[in-house]
Amino acid sequence: MGSNMAECHPVAFQWVVESKLKGGKLIHVDPRFTRTSALADQHIPLRAGSDIAFLGGLIHYVLENERYFRDYVRSYTNAATLIDERFVDTEDLDGFFSGWDPETRSYDNSTWQYQDGVVHASAGQRGVPQARQADQAVVGRVSDEDPSLEHPRCVFQLLRRHFSRYTPEMVESVCGVPRDQFLKLAETICDRSGPERTTAFVYAVGWTQHTTGAQFIRTAAILQLLLGNMGRPGGGILALRGHANIQGATDIATLFDVLPGYLPVPKVDDPTDLDEFCRLNGGDAGGYWGNLRSYLVSLLKAYWGQAATAGNQYGFDYLHRLTGDHSTYQSTLGMVDGWVKGFFVLGENPAVGSAHGSLHRQGLRNLDWLVVRDLYEIETASFWYDSPEVASGEVRPEDIGTEVFFLPAAAHTEKAGSFTNTQRLLQWHEQAVEPRGDCRSELWFAYWLGRKIREKLAAAPELDDRPIIDLSWDYPLLESQDPDPEAVLREISGWSGDQKPLPGLGAIQGDGSTPCGCWIYAGAFAGGINRTAQRRPHWEQNWVALDWGWAWPMNRRILYNRASADPAGRPWSERKRYVEWSEQEARWVGPDTPDFPADRRPDYVPPAGAVAENSLAGDRPFIMQADGRGWLFAPSGVVDGPLPTHYEPHESPVRNALYEQERNPARQRFRRPDNPYHPFPGEPGSEEYPFVMTTYRLTEHHTAGGMSRFLSRLSQLQPEMFCEVSPELAEARGLRPGGWATIVTMRASIEARVLITPRMTALRVGDRWIHQVGLPYHWGSRGLVRGDSANDLFPLVLDPNVHIQEVKAATCDIRPGRRPRGGFE
Amino acid sequence: MSISKRLPMWPVVRQLAEGDPLGLGRAAASAKTRAIAPRTALADRVVPSICPYCAVGCGQLVYVKDEQVTQIEGDPGSPLSRGRLCPKGSASKELVNSPLRELKVKYRRPHGSAWEELELDQAMEMIADRVIATRRATFERSDAQGRPLRRTMGIASLGGATIDNEENYLWRKLMVGLGVVQVENQARI
């Protein structure tokens, strides 16, 4: 769901085909019929943005027909846990949970906690609500639970009630999926789950780029936990990420709200005391996050070396603080509004790749200075003389005051380093040749820019300059004057006294003696060997292939694989045998690295006062969770509800059939004249934008085109921007095959060639037909093949958890002919 | 040319002698074809690499001759890709060798109407000066209530999904040192 794997991740799709050849079933749920659908046993078109209703329908089906994996659910999830008696569900508040504050448009999650106490999140929004900061945190065993799963306030019953109206009939009327198709799919999934079999969900940005994106994944997580498909071979929820190192960039971490290894960046209202900060961010919780303080101290030691001492809380006093959402779209608005003055763009092309392109280009025009580093001169570098706004005469280059530095970058063959792939596998690429001309690696750029800045500041330092001057910045230089990338990987992997590489994350200490740049990557250089460069061919090892690359953490290939054995440590079935307890060897054994303390017995009962991973019993496989269990109900971490709820996309042609509250109430909106939104259905003007539009990728192009539109062969294979419409929509709007169409929103009008195909299906939603327009988003004004950018059509409106934009579902109009031209053409 | 030299070149003889009676294989090759070898056979060295496009992480083998990338093939040893590459991965030789690659620093002064040349080192000096000046001008030591902020909101950074872990790590480290909060990458988008 939310992925066209055959076309967007074709080489990985070979494994899906292999599975099919062995009798596996492939089901594709997607608005469009694609090459993935062509190879599927069943293709189900659904209305873009209705996935929670669809998956919620599956949860309903599993619960009502008792198709869940009973032993797994009882032992490994929080199904039995009792929730605070003050919790109120969306069923009672018509689309809101308890704790909603209409002033701030946000939730206080105090009432979502366990009856036992507050529960720290293992990911997402950390911290404890103000009202409950003095409360005891849940560590290890939860006492308030009902193993019979019958208590009305146990998670299982709350779940059942929450999804009680997500019936097949509701799925039909919300998603446009006929009942018989839905029931066939539900049966297939249930038949293919349980002790003997597993089902996997594969998704991509079709699930994430929504105002309810994080909750799409949560819904799948609930379903997979109910079916017992997590931590087992052939199971899981697998994200297909779109860039070579998007996973690593997330881990290591070029994101405003996390430090490497998902450590939280302190907020302005967080305690200034390191220990208290760690406590309130999960440092006293059960599971491995109970070691948060050690992980953070070790990162700070890697950052500030000798200057990080117990006296300055290891450099905690050097860290900047957050005052809200500082994600990239906020920065864009900051450029437009004039408070962001300087901007670095490293291998990205926001002028084409981000929602509401014209707003980004407006932001770029308003900067003092801009540094773009890329292989080619992309639109983000040329906005000042080559953009839709310059072409239309709206702006003239001489009126744009931005100072632009374009620095050519080194390609992957011209530098060595590691990429982390979509399944957490770090793989090293060697340097093949030296870069030409002024081309340099980002490693060179970061190192030398840092060195110059530090030298300049050291001449006359001010108080605020200590963090930059004290940064540990000694890296051995290669002949090319690049820092040695392996030296950086060593720092990431960590070392103990006398520079000895850490064997793994278990060796990380809280006293500053083990500098480690990213705790989840600890051990990537264990034994002084670059583990990411392991390359034993697959024919020389078993199917798990532990000797190819290195997966974080600790080279584990399936996360939470303790769950592949039953509570007593025995395989659930011979067929799905993976990691199990060996009484003889007194440790967990299997083809993979066990994702559990290696010698922790399955019948281990934590002693009183045990902390972190030692507070979890031997039958709690989800070792990052405070209670060691998979969360059907998320008491914290998710800001827009402990359970997923169907809301319409921000722009939708239909009303919410389930609740009075139409849209995700916590979604991030930006109500300003340069970011207009279409009216809700029924409001004046809404009929002007009657169709649903969604964006997607093509095999031959890569995201915003910076690595594909400049290549002759790829450009020949996909030479032109087009839009995909159904024969019915083409007829209704007078569109001709191969002719031009203009797609219109309040943000932009773009033109595209028309592709009329029954692969786009009109869907019956409620009492009307919904037409969808498909738009690849690879084009811009540069490169060998040029065209309008689909992202220009979309508004800025974000998911509140991760601040991602909604570009997989919005409304539009489509008309025959080319778009209007400005007066200067 | 003597008959003893010419006879073996006669196609019928070659077809029979070379085990290609239908003349559809080796025997049909011209002298020119016989004289050439695939670039993969002529390489000075083969360097293991990883495809730079999507996140599947297919193995690549980069063939180098005379310090030039002459071919990029799938790595058959990879348990992920088993030697396969998609159209983009197969095009990655052009990605690195394309004549459209930018090789020189380009500079556009405020209100300028054309790119200008700039030495790399001078560009680095200028960028360092801009960072320092903007940081100084926009630094926030604390908020209105006196709580520490230690940051600049005047500088933002975007990118990281197409570059290495080591690069992301070092870049973020520098940005944290400077107090630059707004460091983001494609993962958000």
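**Before you start**

The model is predicted: local features need pLDDT of at least 70, side-chain atom pairs count only at pLDDT 80 or more, and totals for chains, interfaces and linings use all residues. Residues are numbered from 1 along each chain as its sequence is written, while chains are lettered from A and ligands numbered from 1 in the order in which they are written.

**Stop 1: chain B**

Select chain B. Its C-alpha trace spans about 100 × 40 × 25 Å along the principal axes.

Colour by secondary structure. Chain B has eight helices and eight strands. Helices (H or I, at least four residues) and strands (E, at least two) are DSSP runs, numbered from the N terminus. Of the 189 residues in chain B, 44% are buried. Buried means 20 or more other C-beta atoms within 10 Å of the residue's own, exposed means 12 or fewer, and partly exposed lies in between, with C-beta atoms placed from the backbone.

**Stop 2: a hairpin in chain B**

Select residues 59-65 and 68-74 of chain B, strands E2 and E3. They pair in the antiparallel sense over six bridges. Strands pair if DSSP finds at least two bridges between them. Find B:Leu61; its bridge partner in E3(B) is B:Glu73. Two residues separate the strands of this hairpin, and B:Asp66 in the turn has a positive phi of about 50 degrees.

**Stop 3: where the chains touch**

Show both chains. The contact takes 126 residues from chain A and 99 residues from chain B. Residues are in contact if their C-beta atoms, placed from the backbone, lie within 7 Å. On the side of chain B that touches chain A, helix H8(B), residues 165-178, gives the largest share, 13 residues. That side divides into 51 nonpolar, 23 polar and 25 charged residues. Ala, Val, Leu, Ile, Met, Phe, Trp, Tyr, Cys and Pro count as nonpolar, Asp, Glu, Lys and Arg as charged, and the others, Gly among them, as polar.

Now pick out E9(A) and E7(B). The two strands run parallel, joined by four bridges. A:Gly342 stands opposite B:Ile155 in E7(B).

Stay on strand E9 of chain A and select A:Leu346. A:Leu346 is buried, with 27 other C-beta atoms within 10 Å. Beyond its neighbours within four places in sequence, A:Leu346 is in contact with residues of both chains, including A:Arg373, A:Glu442, B:Ser157 and B:Ile163.

**Stop 4: helix H15(A)**

Select residues 328-337 of chain A. Eight of the ten residues of H15(A) are buried, so the helix is largely enclosed by the rest of the structure. Among the buried residues are A:Tyr329, A:Gln330, A:Met335 and A:Val336. Their cover includes strand E9, helix H17 and strand E27 of chain A, together with strands E7 and E8 of chain B. Next comes A:Gly338, with a positive phi near 95 degrees.

**Stop 5: the largest nonpolar core**

Select A:Val725 and A:Ile743. Of the 277 residues in the largest nonpolar core, these two touch the most other members. A nonpolar core is a set of buried Ala, Val, Leu, Ile, Met, Phe, Trp, Tyr and Cys residues joined through C-beta atoms within 7 Å. A second, separate core of five residues includes A:Phe97, A:Trp100, A:Tyr107 and A:Ala666.

Note on methods. Two residues are in contact if their C-beta atoms, placed from the backbone, lie within 7 Å.
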